[in-house]
Amino acid sequence: VQELRANPTAGVPVPKGIQPEGNKLVRMEAQAARFESGQIHLPKEAPWLGELLQELLAFPASRHDDQIDSVSQFLKWAEDRHRFERTVSIAGPIIIRA
């Protein structure tokens, strides 16, 4: 958010920051059941997939967890805003099924 505010792009609205609730572990624990129940689908191939999977599988013991935190916050956002929709797809990489 800070970088986008510092370098605005014409025609793009100024981003609104959201204060996350709890710490990274609490936020991801709140989404773990969605992974376990098969509601979260990742692509079979993507340039970023290996790194993301490493973080997911090593969490919370890994040194790097920024992607995990982004995923958990996105899932919370999608859950809050799209309860009425059966499927949410953002640019294809993550699909959430209710």
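I noted the ground rules next. This is a predicted model, in which local features need pLDDT of at least 70 and side-chain atom pairs count only at pLDDT 80 or more, while totals for chains, interfaces and linings use all residues. Residues are numbered from 1 along each chain as its sequence is written, and side-chain values use heavy atoms, with hydrogens and water left out.

**Overall layout**

I listed the secondary structure and found four helices and three strands. Helices (H or I, at least four residues) and strands (E, at least two) are DSSP runs, numbered from the N terminus. Along the sequence the pattern reads α-α-β-α-α-β-β. I then checked burial: 22% of the 98 residues are buried. I also looked at contacts, which are heavy atoms within 4.5 Å. Of those with a separation of 6 or more, 45% join residues 24 or more positions apart.

**Helix 2, end to end**

I returned to helix 2, which covers residues 24–36. Its 13 residues reach 18 Å from first C-alpha to last, close to the 18 Å expected. That expected span is 1.5 Å times one less than the number of residues. I found a bend of about 35° at Ala-30. The bend is the angle between axes fitted to the seven residues ending there and the seven starting there.

I looked at both ends. Asn-23 caps the N-terminal end, with a side-chain oxygen 3.0 Å from the backbone nitrogen of Leu-25. Just after the helix, Gly-38 takes a positive phi of about 85°.

Asp-69 lies in helix 4. Asp-69 counts as buried because its relative accessible area is 9%. The side chains of Asp-69 and Arg-27 are joined by a polar contact of 2.9 Å. A polar contact is a pair of N or O atoms within 3.5 Å; within protein, one must be able to donate a hydrogen and the other to accept it, and residues adjacent in sequence count only if both atoms are side-chain atoms.

I moved on to Ser-72, also in helix 4. Its relative accessibility is 2%, so Ser-72 counts as buried. Leaving aside neighbours within four places in sequence, Ser-72 is in contact with Arg-27, Met-28 and Gln-31. A polar atom of its side chain lies 2.9 Å from the backbone oxygen of Asp-69. I also took one distance: Ser-72 and Lys-24 are 48 residues apart in sequence and 8.2 Å apart in space, C-alpha to C-alpha.

Terms used
Buried < 20%, exposed > 50% of the residue type's maximum accessible area, 1.4 Å probe, protein only.
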